[in-house]
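Hi,

Here is the structure I promised to pass on. Have a look first, and my notes follow below.

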Amino acid sequence: MADRAKFQAIKGVRDILPPESALWNRVEQAAREVFGTFGFAEIRLPIFEVTELFARSVGADTDIVKKEMFTFDLHASQDLEVRRDVMIGRRTSGPYDIQDTELQTVHEAEIQVGVFIQIIDNAIREDRVARTSENVRALDGLQTLYKQFSAICESYRSSFPSEDPKWNTEMQTLFEGIASYASKLNFGSLVSLRPEATASVVRAYIEHGMQVQPGNVKLYYMGPMFRRERPQKGRYRQFYQIGAEVLGSSDAPGIDAEVIEMLLAFFERLKLKGAILNINSIGDKNCRPAYVERLRAELQVVREQLGADSQRRIETNPLRVLDSKLESEQAIIEKLPRIAENLCAECRAHYDEVKRQLGLRGITYQENWRLVRGLDYYMRTTFEIIAPGLGSQNAVCGGGRYDGLVELLGGPATTKGIGFAIGTDRLVLSLQESGAGEVASGLDVYLAWFGAVTQPAAVKLARRLRDAGFVVELPAVEMKFGKSLGLADRLKARHAVILGEDELAAGVVAVKRLSDGTQQKLSEPDLFSYLRAARNS
Ligand code: HAM
């Protein structure tokens with residue numbers, strides 16, 4: 001018997017169904033419109049990238065990279081790497097002493113190298129390993145040396161046993177050559193589902209040489225991100241972000257303020273209430289290291305009073321201790337040295353100017369010296385927005401400045417960056433909780449037709465209404481009057497347009513406004529005017 005087990009979406013991922021999806025569309029549409037007015041254009045990015053990109057930008061020691069990425073092997077290259085390492089390991093694990101070597105071992109080594117070369121050859125042919133010039137050169141080299149190696153093995157076998165040291169030297173040299181070519185093979189890296197998109201934006205900026213564009217490059221994106229976190233309200237393994245980044249040669253604080261202004265204009269458009277902006281400056285490479293050392297020293301003093309996570313972070317990343325939500329650590333953290341008092345003159349001036357620029361835009365904010373963020377690329381300005389109705393996962397948006405990241409990823413050292421990402425799931429949740437998430441039914445007309453002769457006219461009228469932009473539901477089969485109008489009600493249509501044989505003969509339709517039951521007969525042109533007026537009311 002067939003297995004009738006029901007499938008369910010896996011833990012931490014979910015479906016977004018109508019009518020909620022209409023709210024998602026509204027949110028995304030508002031982002032496009034508002035961001036567009038600030039001169040941002042959309043960038044569409046791949047869902048996965050080489051793992052190294054995230055390790056290098058987000059930080060190899062962060063929770064995101066260490067524990068939360070979904071990583072896989074694009075070309076089954078791990079298997080190839082293991083084979084190569086075994087082969088190289090054997091050949092380089094010491095001098096190849098032919099005197100002690102059994103004939104059998106030489107035979108095995110020959111087969112092993114031969115099989116390996118065959119596998120690589122196939123993999124390149126089948127595009128499982130990239131056909132780069134380095135790989136092709138390495139494979140050619142391996143094949144040439146392998147032929148020589150086989151020839152020597154053959155002569156060795158025919159003169160076995162032999163005390164002649166030339167076997168030893170010749171085999172050793174060839175093995176070293178084979179090892180050297182093998183180590184030059186590049187199988188391609190591991191790839192990860194993106195846990196965030198700033199790294200990808202910067203990668204794309206560099207890859208496409210966008211620094212030559214005039215002014216700042218202003219990009220926005222939206223789509224799914226993936227982190228293997230413990231799922232709970234507002235925290236998912238596949239979640240969505242709407243983000244924006246500004247890349248360019250200027251780090252003027254006015255850019256920081258304008259990015260935040262745009263974010264708040266977007267929230268205003270959506271009528272999100274009760275959002276609180278937190279800001280901080282975490283210094284730069286000139287002043288932060290000294291602060292981190294001060295913090296580390298202070299944390300060492302109170303080490304025993306801290307939880308296991310914070311104790312570990314004293315070594316790995318003391319700044320992250322400031323992020324701790326552990327109740328027992330709060331009083332201790334309050335007494336720690338604060339970054340604001342340890343900024344260098346340049347960072348202090350930058351931060352002061354960001355605040356002034358926010359002020360002149362009428363933006364209110366809270367300074368939060370503990371806002372350090374969980375990604376390594378930030379420097380100077382950091383910010384977060386918390387929104388009501390979200391429980392413990394109340395950060396609806398996070399962002400900040402990342403001036404060194406473009407250089408770190410191999411781009412021009414002069415390019416600075418700043419941006420943010422909104423957690424769309426959380427934004428939608430907060431809108432729903434505050435009552436701002438209602439999306440009115442989009443159905444303008446339920447077109448009820450009665451009598452087989454009216455169907456062709458109904459089909460054509462539905463099409464003309466749809467062409468004019470009205471949302472129309474047309475029953476596919478004839479229904480009884482009461483049932484049909486009942487369905488119109490349940491679908492929350494604004495109007496039922498009724499077309500029976502009498503109306504058809506008279507060249508009119510009956511229009512019933514379903515909110516109050518008022519009904520009138522209208523000609524087609526009058527129907528269109530009436531519906532248009534109703535839509536704008
Ligand atoms: P982030 O703070 O890691 O920053 O994420 C931004 C937002 O994504 C969070 O504030 C939250 O609303 C949402 N979010 C994160 N993880 C989850 C999850 N597991 N489930 C639901 N929502 C989540 C970044 O990603 C940076 N790339 C932001 C940025 C852009 N900084 C500069 N440019």
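**Starting from the sheet**

Strand 5 (residues 217–226) and strand 6 (residues 238–248) pair in the antiparallel sense, with 10 bridges between them. At one point in this pairing, phenylalanine 226 stands opposite glutamine 238 in strand 6. Helix 8 (residues 198–207) packs on the sheet here, touching both strand 5 and strand 6, and its direction makes about 40° with that of strand 6. Bear in mind that this is a predicted model.

Zooming out, the pair belongs to an open sheet of 8 strands with mixed pairing, in the order 1-5-6-11-10-9-7-8. Strand 1 (41–42) and strand 8 (366–367) are the edges, each pairing on one side only.

Helix 9 (residues 253–269) is worth a look too: it lies across strand 5, strand 6, strand 7 (276–281), strand 9 (381–386), strand 10 (395–401) and strand 11 (416–423). Against strand 11, helix 9 runs at about 20°.

Now for the whole chain. The protein has 19 helices and 16 strands. Its radius of gyration is 33 Å, well over the 24 Å that the globule rule gives for 537 residues, so the protein is more spread out than a compact globule. The C-alpha atoms fill a box of roughly 115 × 70 × 55 Å along the principal axes.

As for burial, 47% of the 537 residues are buried. The accessible surface comes to about 27,000 Å², and carbon and sulfur atoms hold 52% of that. Among contacts with a separation of 6 or more, 74% join residues 24 or more positions apart.

Cheers

Key:
Residues numbered from 1 in each chain as written. Predicted model: local features only at pLDDT ≥ 70, side-chain atom pairs only at ≥ 80, totals over all residues. Heavy atoms only, no water. Pairing = 2+ DSSP bridges. Helix = DSSP H or I, 4+ residues; strand = E, 2+ residues; numbered from the N terminus. Contact = heavy atoms within 4.5 Å. Axes fitted to C-alpha atoms, helices over the stretch in contact; angles between N-to-C directions. Rg over C-alpha atoms; globule rule 2.2 N^0.38 Å. Buried < 20%, exposed > 50% of the residue type's maximum accessible area, 1.4 Å probe, protein only. Areas by Shrake-Rupley, 256 points an atom, 1.4 Å probe, with all protein chains shown as cover.
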